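Colleague: Before we go through this model together, could you put the sequence and the structure side by side on the screen?

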Amino acid sequence: MTPGWVIREAQEEDAPAMLEYARILFSEPDLYLPWEPDEFRMTRAEEEAAIRRHHETANAVFLLAFDPTGSIAGMWNAMGSARRALEHNVEFGMSVARPFRRQGVGRALMTHGLKWAKANPLVRRVELHVYADNTPAVALYQTFGFVVEGRRQHAVFQHGRTMTTC
């Protein structure tokens, strides 16, 4: 892991910094997340509620990566279903701020997130959807043992075109 990254669970007092991180992230023109900049309207109260839900849900976690100055460098969150037949399966999402990409933040978040999943007695499966043409992300996930189980053609319409996820 790259020295200097601090990874910990999100706390309610992180909400303002998380909102600012998201606003910057979602303004990127080549973002590999299914959001348009004008769609992100989450309030501080809503972000705080989301953090509480992750704390109160046995099969959920919200991790933040901080750089040495205390700025958010990335996020990793996972949540599973409340239904007993599906609670063993969690889906995660991850993002890394542009200035910190290809510096080990994603790998550090994955390591911490999967460590949480392995230690969680409810979790038996961790999955995600990733843009098929996001080759750095696909390659990272594969180093952790993830395999492509299928592709969802035309799953996302963004930037005037449809994109495939896997």
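**Helices and strands, step by step**

Colleague: How many Å apart are the axes of H1 and H2 where the two helices pack?
Modeller: Helices here are DSSP runs of H or I with at least four residues, strands are runs of E with at least two, and both are numbered from the N terminus. H1 and H2 pack at an angle of about 110 degrees, where axes are lines fitted to C-alpha atoms, for helices over the stretch in contact, and angles run from 0 to 180 degrees between N-to-C directions. The axes of H1 and H2 are apart by 9 Å.

Colleague: Which atoms do the side-chain values use?
Modeller: This is a predicted model in which local features need pLDDT of at least 70 and side-chain atom pairs count only at pLDDT 80 or more, while totals for chains, interfaces and linings use all residues. Residues are numbered from 1 along each chain as its sequence is written, and side-chain values leave out hydrogens and water, using heavy atoms.

Colleague: Are H1 and H2 roughly parallel or roughly perpendicular to each other?
Modeller: Start from their angle, which is about 110 degrees. Angles under 35 degrees count as roughly parallel, over 145 as roughly antiparallel, 65 to 115 as roughly perpendicular and the rest as oblique. The relation of H1 to H2 is therefore roughly perpendicular.

Colleague: How many charged residues does the contact of H1 with H2 have?
Modeller: On the H1 side we find Ala15, Pro16, Met18 and Leu19, which meet Arg44, Glu47, Glu48 and Ile51 of H2, contact being heavy atoms within 4.5 Å. Ala, Val, Leu, Ile, Met, Phe, Trp, Tyr, Cys and Pro count as nonpolar, Asp, Glu, Lys and Arg as charged, and the others, Gly among them, as polar. Sorted in this way, the contact has five nonpolar residues and no polar ones, and its charged residues number three.

Colleague: Which strands does H1 lie across?
Modeller: If you follow H1 over the strands, you see that its direction makes about 100 degrees with E3. The strands that H1 lies across are E2, E3 and E4.

Colleague: Which strands stand at the edges of the open sheet?
Modeller: Five strands make up this sheet with mixed pairing, in the order E1-E2-E3-E4-E5, and two strands pair if DSSP finds at least two bridges between them. Neighbouring strands are turned against each other by 20 degrees on average, direction ignored. Each edge strand has a single partner strand, so one side of it is left without a neighbour in the sheet, and these edge strands are E1 and E5.

Colleague: Which residue in E2 is the bridge partner of Val6?
Modeller: E1 pairs with E2 (residues 60-66) in the antiparallel sense, and four bridges join the two strands. Within E2, the bridge partner of Val6 is Phe66.

Colleague: Which residue in the turn between E6 and E7 has a positive phi?
Modeller: E6 (residues 152-158) and E7 (residues 161-165) are antiparallel partners over four bridges, and Gln158 stands opposite Arg161 in E7. The two strands form a hairpin with two residues between them. In that turn, the residue with a positive phi, of about 55 degrees, is His159.
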